[in-house]
Each structure stands twice: as structure tokens, then as C-alpha cells.
Amino acid sequence: MQKTFVDPSRSTPSRGNGGSDERAIDTTIYYPTTVAPTPENPKPRVATGPWPLMVFAHGYAIDAAAYAPLLADLAAGG
């Protein structure tokens, strides 16, 4: 699941790309499900928990998508 969190109380400084009056962070959320996602059911129900929260921040010089298989596997394992 994709979600963008916005903090309107803090600005994002310009680093040659314009900056912004608010700070936004695009996130991908992985969670354990009862069945694997399919095209017909892309967001299956969350498996019964409780589950731990893991926060992962990718490195500076690599795209976050490179870690998608690892993160999906960790979420599937609960």
C-alpha cells in the first residue's frame, strides 16, 4: 500500500529542486495478510496480529524499490 505523510508545519529546504512549504514523505506499507494479493484482490485483509512495527529507510544512492522483495518477504513472515 502506498501512502504519503505530510507535515505542514515544517518546510523542505531547496537543494536545487525548488523546495516546498511543507514536508512530505512517500511510503510503502507492507503487512501480513490472510492470502497473497492478486489482481482481483490487490489489498487482502490483514492477518490477525499483533505484529511488530519495522521501519526501513533505504540508502541514499539506491532506489527503495530495490528492497521490495526483501520487505515483502519480511512482512509475509509476520
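Visitor: Where does arginine 15 lie?
Guide: This is a predicted model, and in it the place of arginine 15 can be given by the strands on either side, since arginine 15 belongs to the loop between β1 and β2.

Visitor: Is arginine 15 buried or exposed?
Guide: A residue counts as buried under 20% relative accessible area and as exposed over 50%. Arginine 15 has a relative accessible area of 69%, so arginine 15 is exposed.

Visitor: How many Å apart in space are arginine 15 and proline 69?
Guide: In sequence, arginine 15 and proline 69 are 54 residues apart. From C-alpha to C-alpha, their separation in space is 31 Å.

Visitor: Which residues are the closest to the centre of the largest pocket?
Guide: The largest pocket has a volume of about 920 Å³. It is lined by 26 residues, and the closest to its centre are Thr28, Ile29, Tyr30, Met54 and Phe56.

Visitor: Which elements each supply at least two residues of the lining of the largest pocket?
Guide: The lining of the largest pocket divides into 20 nonpolar residues, five polar and one charged. Those that each supply at least two of its residues are β1 (2-7), β2 (23-28) and α1 (68-76).

Visitor: Among the elements of the chain, which has the lowest mean pLDDT?
Guide: The chain averages a pLDDT of 85, and 97% of the residues score at least 70. Among the elements, β1 has the highest mean, 90, while the lowest, 86, belongs to β2.

Methods. Residues are numbered from 1 along each chain as its sequence is written. This is a predicted model: local features need pLDDT of at least 70, side-chain atom pairs count only at pLDDT 80 or more; totals for chains, interfaces and linings use all residues. Side-chain values use heavy atoms; hydrogens and water are left out. On a 1 Å grid over the protein atoms alone, a cavity is a set of points where a 1.4 Å probe fits but cannot get out, and a pocket is an open set with protein on both sides within 12 Å along at least five of seven lines; lining residues have an atom within 4 Å of a point. Grid points are joined across faces, edges and corners, and a volume is the space filled by probe spheres set on the points. Helices (H or I, at least four residues) and strands (E, at least two) are DSSP runs, numbered from the N terminus. Ala, Val, Leu, Ile, Met, Phe, Trp, Tyr, Cys and Pro count as nonpolar, Asp, Glu, Lys and Arg as charged, and the others, Gly among them, as polar. pLDDT is the predictor's confidence in each residue, from 0 to 100. Buried means under 20% relative accessible area, exposed over 50%, partly exposed in between (1.4 Å probe, protein chains only).
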